[in-house]
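I opened this notebook to record what I looked up in the structure, one topic at a time. The entries follow the order in which I went through the helix packing, the backbone and the charged side chains.

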Amino acid sequence: MLFDLRLTLRAVTAVLLPQAHAKALKIYSELAPDVPRWVIGDPGRLRQVLVNVAGNAVKFTERGWVRIAAELADGDSGRCIVRFRVDDTGIGIPEDQLERIFGEFTQADSSTTRRFGGTGLGLSIARRLVELMGGQIGCTSRVGEGSSFWFTVPLTEGSEPLEVPTAGPTACFHGGWRRRRVLVVEDNPVNRTIAVRLPAREGCEVDAVETGREAVEICASSE
């Protein structure tokens with residue numbers, strides 16, 4: 001599906017903006033000049049990964065900023081591998097915990113769960129979606145200084161359409177985002193409301209649950 005990568009980054013930022021502003025955080029997006037703006041890929045999966053990873057960054061950052069960026073990792077003859085990065089100035093993750101944070105129901109330690117809440121399922125879902133798109137995901141971090149989550153996605157360079165929709169930040173999906181089914185997993189009722197609002201407004205069927213186990217049950221029943 002053809003979509004506008006720059007508007008995709010902006011749309012994700014818009015979803016998380018209220019939550020970031022409530023914590024006095026700066027959140028912004030950047031598209032490197034050498035990355036094609038119009039690409040062919042799976043905008044729905046890409047958007048969900050970005051929302052999960054960047055939402056995690058906002059949750060675990062108490063002061064400073066969150067940056068969502070896309071840069072060219074490799075490219076040849078219309079095919080390109082884009083590396084997406086979500087950097088933050090949050091609490092950071094101990095080095096010995098980095099390999100396990102993408103597991104289901106996993107957070108760095110129990111004190112994190114008590115302090116910030118959450119199901120520990122978002123990064124597991126992100127990893128699965130990235131792998132379905134043919135990419136890889138990882139993280140570097142320093143405790144007390146912040147984290148940098150990254151993932152790669154192979155895309156095909158596209159051409160700007162003659163008519164570009166102007167119906168809002170999610171117009172970049174050219175109608176393909178509509179009628180999709182979206183699963184939101186968030187134990188904080190305010191955050192859950194924010195996460196549900198935009199896809200529902202765009203015509204998506206949205207399931208919202210509080211716990212990771214409820215999410216697994218829904219995923220299992222839909223397979």
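**Entry 1: helix 2 and helix 4**

The model I am reading is a predicted one, and I applied the term to helix 2 and helix 4, whose crossing is left-handed. I then looked up which residues make this contact, and found Arg45, Gln48, Val49, Asn52, Val53 and Asn56 on the helix 2 side, facing Gly122, Leu123, Ile125, Ala126, Leu129, Val130 and Leu132 of helix 4. Sorted by class, the residues of the contact between helix 2 and helix 4 come out as eight nonpolar, four polar and one charged.

For the geometry I noted that two packed helices are described by the angle between their axes and the distance between the axes. The axes of helix 2 (residues 43-59) and helix 4 (residues 122-132) come within 9 Å and cross at roughly 150 degrees. Angles over 145 degrees count as roughly antiparallel, and helix 2 is therefore roughly antiparallel to helix 4.

**Entry 2: the buried side of helix 4**

I asked which residues of helix 4 are buried. They are Leu123, Ser124, Ala126, Leu129 and Val130, and the buried residues of this helix pack against helix 2, strand 6 (137-142) and strand 7 (146-157). Just after helix 4 I noted glycine 134, which takes a positive phi of about 85 degrees.

**Entry 3: helix 1 and helix 2**

I next turned to helix 1 and helix 2, which pack at an angle of about 35 degrees with their axes 10 Å apart, and here the crossing is right-handed. From helix 1 the contact takes in Leu5, Leu9, Ala11, Val12, Val15, Leu16, Gln19 and Ala20, which meet Leu46, Arg47, Leu50, Val51, Ala54, Gly55, Val58 and Lys59 of helix 2. By class, I recorded twelve nonpolar, two polar and two charged residues for the contact of helix 1 with helix 2.

**Entry 4: alanine 24**

In the loop between helix 1 (5-22) and strand 2 I found alanine 24, whose phi is near 60 degrees, a positive value in a residue other than glycine. Is alanine 24 buried or exposed? With a relative accessible area of 67%, alanine 24 is exposed.

**Entry 5: salt bridges**

I looked up how many salt bridges the structure holds, and there are seven. One of them joins glutamate 30 to arginine 67, with the closest N and O atoms 2.8 Å apart; glutamate 30 sits in strand 2 (residues 26-31) and arginine 67 in strand 4 (residues 65-76), so that the pair links distant parts of the chain, 37 residues apart. Glutamate 30 is partly exposed at a relative accessible area of 36%, whereas arginine 67, at 17%, counts as buried.

Arginine 67 also meets aspartate 87 in a salt bridge, at 2.6 Å from N to O. Because arginine 67 lies in strand 4 and aspartate 87 in strand 5 (residues 79-88), this pair ties together parts that are 20 residues apart in sequence. Both of these residues, arginine 67 and aspartate 87, are buried. I also noted that Glu30, Arg67, Arg85 and Asp87 are linked in a network of salt bridges.

A further salt bridge is formed by arginine 83 and glutamate 71, at 3.3 Å from N to O. Arginine 83 is in strand 5 and glutamate 71 in strand 4, twelve residues apart. Arginine 83 counts as partly exposed at 28% relative accessibility, and glutamate 71 counts as partly exposed at 26%.

**Entry 6: valine 184 and the whole chain**

In strand 8 (residues 181-185) I looked up valine 184, which is buried with a relative accessible area of 7%. The C-alpha atoms of valine 184 and glutamate 210 are separated by 8.4 Å, while the two residues are 26 residues apart along the chain.

Last, I recorded the totals: the chain has six helices and nine strands, and buried residues make up 47% of its 223 residues. Of the contacts in the chain with a separation of 6 or more, 71% are between residues 24 or more positions apart.

Key:
Residues are numbered from 1 along each chain as its sequence is written. This is a predicted model: local features need pLDDT of at least 70, side-chain atom pairs count only at pLDDT 80 or more; totals for chains, interfaces and linings use all residues. Side-chain values use heavy atoms; hydrogens and water are left out. A salt bridge is a side-chain nitrogen of Lys or Arg within 4 Å of a carboxyl oxygen of Asp or Glu. Helices (H or I, at least four residues) and strands (E, at least two) are DSSP runs, numbered from the N terminus. Buried means under 20% relative accessible area, exposed over 50%, partly exposed in between (1.4 Å probe, protein chains only). Axes are lines fitted to C-alpha atoms, for helices over the stretch in contact, and angles run from 0 to 180 degrees between N-to-C directions. Angles under 35 degrees count as roughly parallel, over 145 as roughly antiparallel, 65 to 115 as roughly perpendicular and the rest as oblique. A crossing is left-handed if the near helix is turned anticlockwise from the far one by less than a right angle, and right-handed if clockwise. Contact means heavy atoms within 4.5 Å. Ala, Val, Leu, Ile, Met, Phe, Trp, Tyr, Cys and Pro count as nonpolar, Asp, Glu, Lys and Arg as charged, and the others, Gly among them, as polar.
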